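Biologist: Before I rely on any of the terms used for this structure, I would like to hear what stands behind each of them. Could you show it to me and then take my questions in turn?

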Amino acid sequence: MADASPQLQHVQDKLGAKILSASEPQGDDVIMLDRAGLRDSFRQLKEDPDLSFNFLSDITAVDYWQRQEPRFEVVYQLVSLTNRRRLRVRVGVPESDPVVDSLTPLWSGANFLEREVWDLYGIRFSDHPDLRRILLYDEFTGHPLRKDYPVNLCQPRVPERHVDGTFVDERSKNKLQRLQKTLAKKH
Amino acid sequence: MKAESPELPHEIMELQMGPSHPATHGTIKFNLKLEGEKVLDCDVEMGFLHRGFDKSCEQATWTQVIPYTDRLNYASSLINNVGYALAVEKLIGAETPPRCQYIRVIVSELARIFDHLTCCGMAASELGAITVGFYMIEAREMITRIIENLTGARLTVTYVRIGGLKHDLPEDFAARVAATFTTIRRLLGDCDSLLSRNRIFLDRMSNVGVISKESALDHSLTGPILRATGVDYDIRKAFPYLVYDKMDFEVPVGSHGDNYDRFLCRLREIHESMRIVEQALKQLPVGPVWIDDPRFVLPEKEKVYGSIEGLMHHFKIIMEGIQVPAGETYSAVEGGNGELGFYVVSDGGGKPYRLRVRPPCFIAMGAFAEMIKGYMVADIVPTFGMINMIGGECDR
């Protein structure tokens, strides 16, 4: 890119071939990074004194289902507190192998943010110390922010019943039976 | 204070605190591992108020999302409105007129005062200083009346629109604000003399929930919690938006990173916010509050009912939503609890393709275990109080 801002040009010079593309929509600095060796790229972004993107602001993901390949994109927002600059890093993640490096060794704040991405998008983070669901409950199946998850699909945690005691749907009934079975085992 | 355990036979007790506990004024659960009274580990369980904010926003038009943003941090819904509108306007490439920007600054600061008063008042009353709690709720009520007079609602205001505001300020706004601020300053002075050198309050707050500067940055903390450790990172100064660069205000910072510093930071921020509102009201320019672009602005009612073009225009905006060009952007504002960011992806249609909120108190809860480890069970109450976790924003 010939017309890149000096800041973005600087990042490109430093990271070289790890950057797949760079752009500046609405004046933001955005780079697309290679999924291989992601943690090392971030370590360089964080620890290189010329770059010093030392503050991880946010991690999220976007699902481009049936729109582009790879299907997912994990999006990181970095801030350099010393240079007062922002940088957005996007990483493509294919549906067949939804795994990216965890950034928890670099920033502890990545812990909850990555758990949320796993919970809602089903993207795994390798070497994450505690990759559990965070907003939803453990029995939940599927990842609701994926575009192929139906909006109106209900997964009640407590079986739903009408006032007369009949079950709202078959699944709830099965669930109650399962619960009773596990409770019977314990007592 | 750090608890010292004597050499006695002991076993680790597991205690579940919450989700409906008088001290957790928000639905959240702490799975604690205790050695006597000392907290060894704390696993935060959240999501009790999860209602699928992101997914709901993908089903709504760009304008219909604004009421959803009210329900994020409902103690400062005006800031959420402003943050969301700024993100969408950044994607559109529109800049609102100066009067609109000044009014947005005024309402953001009013919301910040509201947020800080809620946080400090609740935290103080949980520690037994119920008088201070009442004083601060009285001050908050006066802010609520201003907001009600302005928007017609007390909490879920939906005042800001993409490209403008619902309507201009009412005529007596400046006079009301001036009268209210006089009373709030008097009430805050009373609170300050009751608490800031109060022995009981100091014992409960100072050197409790300490987090170091390095650890706070490592945990991505922002807002008063980060500033209490001595880092002067405030979005209003670091990445000025609206007309904050024309305002003269200070960013209060602490030094210890404990609960007492967080409390003082918030108290001083209330004073700074009042200064900003007074300056903005003094500088407030005359002019329109809407951008001059019919693609994003609803036509006047006379045109809707008087001409076919106006009616079609109104119908298109309501039914299909405003058309935001394809692209993605991130825009952050300084919320009551820290960096409130909106990451917006548009596919060029009338609905957001993806809308992500960076929730400051969700991230602060990620550092909660770090803050509370080694302290007593009773220290959870002030520490959690000073985080000001709001379920609507934390669980989305």
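Modeller: The largest nonpolar core has 165 residues, and those with the most contacts inside it are A:Val74, B:Val88, B:Leu110 and B:Met365. Its largest share, 15 residues, comes from helix 4 (residues 98-126) of chain B. This is a predicted model, in which local features need pLDDT of at least 70 and side-chain atom pairs count only at pLDDT 80 or more, while totals for chains, interfaces and linings use all residues. Residues are numbered from 1 along each chain as its sequence is written, and chains are lettered from A and ligands numbered from 1 in the order in which they are written.

Biologist: What makes a set of residues a nonpolar core?

Modeller: The set consists of buried Ala, Val, Leu, Ile, Met, Phe, Trp, Tyr and Cys residues joined through C-beta atoms within 7 Å. A residue is buried if 20 or more other C-beta atoms lie within 10 Å of its own, exposed if 12 or fewer, and partly exposed in between, with C-beta atoms placed from the backbone.

Biologist: Which residues is B:Met365 in contact with, leaving aside its neighbours within four places in sequence?

Modeller: They are B:Val44, B:Met46, B:Ile387, B:Met389 and B:Cys394, where contact means that the C-beta atoms, placed from the backbone, lie within 7 Å.

Biologist: Why does the radius of gyration of chain B agree with that of a compact globule?

Modeller: The radius is taken over C-alpha atoms, and the globule rule is 2.2 Å times the number of residues to the power 0.38. For 396 residues a compact globule would have a value near 21 Å, and chain B has 22 Å, so the two agree. Of the 396 residues of chain B, 52% count as buried.

Biologist: Why is A:Asp34 called partly exposed?

Modeller: A:Asp34 has 14 other C-beta atoms within 10 Å, and the class lies between the limit of 20 or more for buried and 12 or fewer for exposed, so A:Asp34 is partly exposed. A:Asp34 is found in the loop between strand 2 and helix 2 (38-47) of chain A, and touches A:Lys18 and A:Leu20, not counting residues up to four places away in sequence.

Biologist: Why is strand 7 of chain B described as largely enclosed by the rest of the structure?

Modeller: Helices (H or I, at least four residues) and strands (E, at least two) are DSSP runs, numbered from the N terminus. Eight of the eight residues of strand 7 (residues 339-346) of chain B are buried, so this strand is largely enclosed. B:Glu339, B:Gly341, B:Tyr343 and B:Val345 point one way from strand 7, B:Leu340, B:Phe342, B:Val344 and B:Ser346 point the other way, and all are buried.

Biologist: How do you know that strand 7 of chain B pairs with strand 6 and with strand 8?

Modeller: Two strands pair if DSSP finds at least two bridges between them. Strand 6 (residues 327-334) and strand 7 of chain B have eight bridges in the antiparallel sense, and strand 7 and strand 8 (residues 352-358) have six, also antiparallel, so both meet the limit of at least two. B:Gly327 stands opposite B:Ser346, and the bridge partner of B:Tyr343 is B:Arg356.

Notes. Two residues are in contact if their C-beta atoms, placed from the backbone, lie within 7 Å.
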